[in-house]
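Open the model in your viewer and keep the selection tool at hand.

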Protein chains: 2
Amino acid sequence: MTRRRRTLADLGETALIRRIARRAGVPPKRTWPLGIGDDAAILRTRRGEELVLSSDVQVEGVHFRFGRETPRTIGRRALVVNLSDLAAMGAEPVGALLSLCVPATLPVATFDGFIDGFLTEARLHGCPLVGGNLSRAKDSSLTVTVVGRCPRGRALRRSGLRVGDSLYVTGVLGAAALARLRADRHGSRLTRVPRPRLEAGRALAKMGGVRACIDLSDGLASDLARLLAGTRLGAEIDPGALPAPRGFRRACRELGLDPATLLAGGGEDYELLFALASHHPDAGIEGLAERLGVRVSRIGEIVDRVGIRGLPPAGPAHHF
Amino acid sequence: MTRRRRTLADLGETALIRRIARRAGVPPKRTWPLGIGDDAAILRTRRGEELVLSSDVQVEGVHFRFGRETPRTIGRRALVVNLSDLAAMGAEPVGALLSLCVPATLPVATFDGFIDGFLTEARLHGCPLVGGNLSRAKDSSLTVTVVGRCPRGRALRRSGLRVGDSLYVTGVLGAAALARLRADRHGSRLTRVPRPRLEAGRALAKMGGVRACIDLSDGLASDLARLLAGTRLGAEIDPGALPAPRGFRRACRELGLDPATLLAGGGEDYELLFALASHHPDAGIEGLAERLGVRVSRIGEIVDRVGIRGLPPAGPAHHF
């Protein structure tokens, strides 16, 4: 006799919200006088700071597949891609809301995996779960809204580029795309979760003089185009300067992939792309790496001719 | 020759986000130094106030159907159900984020309908759209996160009930359920959008002494049970005191429905249910109605015996 796995329909909404609240615990009372379980969460703020708000979603069949990722990995990613947006603003995480859509037939173990993965990253980055909602849907999706804070006027923005600015990226590119393609090729589990560059972002905001910053979600080519959109500026990229992980070219060769395309268009790097005035006192790579606590590469500069040179053209937009 | 309707795939993500930003306009700079188009929105806050955050979702096939509601109505509802949560906290709206999941085959006119409906309510209630995200998905869904504000320590909560407290509801019950059942029966369009009780909620918060408050989304029986959950208290309801819209009993008779069931369990009323100490100086109905600017009915009281008496039992939970 096989026992049917318990699904969400066996528990009901109230029990499921309690299940989340019990796992999440109580957020710091001084900042969050009221958390999960009421109509809304209450956030207490301080003078001299600004709050930063962002939301992003992970959708079944678009951003994840149950065969490829574990529920835990999916839950972790759902928060991390949002924390990456806070990193790109130079903000410190304060808390998060999770809007979870799931079919009634979802096994409770999958639900718990989502929550536990989410809470693992929440604890790691000091971003307590303080609210959200739960709804039925045909496909699963996890929409997260994060709140961060910055000293007033210090947040990093996307605008502000000028001719001659140097462009930098943190870490390496292409690793996430390679891992995803490998998992697809071999039918193996994808367990890689990006690491949000929160410390680097805060160090950039503190340093001052950053002309623009964005996190790389869709790939360098697409996200650089996003940074340039609405300006009359372009970028010259040095393809040889793009930082690749160790053994990247050989791995690409084995899979029959073009390394340049993967570096520029693979997506899901969640590294920071930022611009500094070339005469900025901190424009030196070694000093920057030490300040940001992460590898930094100068990959090119801003020019007064529209368009991006030195990168393969961005593929069709990721989302549509 | 028929012209194919333009779908989202014809425009792409960047154009769609610009389309939203253009329609939304620029939010007040003093409160929102940075809005749509960056990694996150920036919210400036004042001392002596607390911010209130809530999120809720409308999912195709669960909360709406394209045959039954227009895209505009769906967009309006998506914001209004969130504003209702702010009302239940006694908070004033500050701004909103919209996380929109849509299939690539969605007609652009439907997308515009969502946005225009959302923005209609945003303007009506002074709650500018300041950010969000856009993703592909099989079914459409609109997840909204709202930010509100309250003077520090004045927000209305769900906890705090005591024996002897009087229970009140604003407005009338059952109207939304009746409209929905009528539309289903006649295959007609459902154009009714609830009115969030923001003024009444703020007046309650200002008045002080409110022991508990919740907005009625799933129906009086379910939401009252939610208010009582985790306490050792119960409620005695006077079924004859439940406020029904004009002609309600006759309309129910014509459709073969039980009025009591619809009043207590129809759901989607988005009225406020609140508790006041019976000796509270403002416990009089006429004074309350004047203060809150809306009809108020005393429907029962809190007792020391667990359970709800005087209402038909709540049906199965709405969401699972």
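Start with chain A. Of its contacts between residues at least 6 apart in sequence, 86% join residues at least 24 apart. Two residues are in contact if their C-beta atoms, placed from the backbone, lie within 7 Å.

Before moving on, note that this is a predicted model, in which local features need pLDDT of at least 70, side-chain atom pairs count only at pLDDT 80 or more, and totals for chains, interfaces and linings use all residues. Residues are numbered from 1 along each chain as its sequence is written, while chains are lettered from A and ligands numbered from 1 in the order in which they are written.

Stay on chain A and show it as a cartoon. Ten helices and eleven strands make up its secondary structure. These are DSSP runs, numbered from the N terminus: helices are H or I, at least four residues, and strands are E, at least two. Switch to the C-alpha trace: along its principal axes it spans about 65 × 55 × 35 Å.

Now show both chains. A rotation of 180° with 0.0 Å of shift along its axis superposes chain B on chain A, at RMSD 0.0 Å. The two copies are thus related as by a two-fold rotation axis. Select Arg47(B): its C-alpha is the nearest to the axis in chain B, 2.9 Å away.

Next, select the interface. Here 57 residues of chain B are in contact with 57 residues of chain A. On the chain B side, strand β2 (residues 49-59) gives the largest share, nine residues.

Zoom in on β2(B). Strand β1 (residues 41-44) of chain A pairs with it in the antiparallel sense, over four bridges. Strands pair if DSSP finds at least two bridges between them. Pick Ala41(A): its bridge partner in β2(B) is Leu53(B).

Last stop: strand β10 (residues 296-303) of chain B. Strand β6 (residues 166-170) of chain B pairs with β10(B) antiparallel, over five bridges. Select Thr170(B) to find its partner, Val296(B). Strand β8 (residues 234-237) of chain B also runs antiparallel to β10(B), joined by four bridges. There, Glu236(B) stands opposite Glu301(B).

How values were computed
Least-squares fit on C-alpha atoms with pLDDT ≥ 70 in both.
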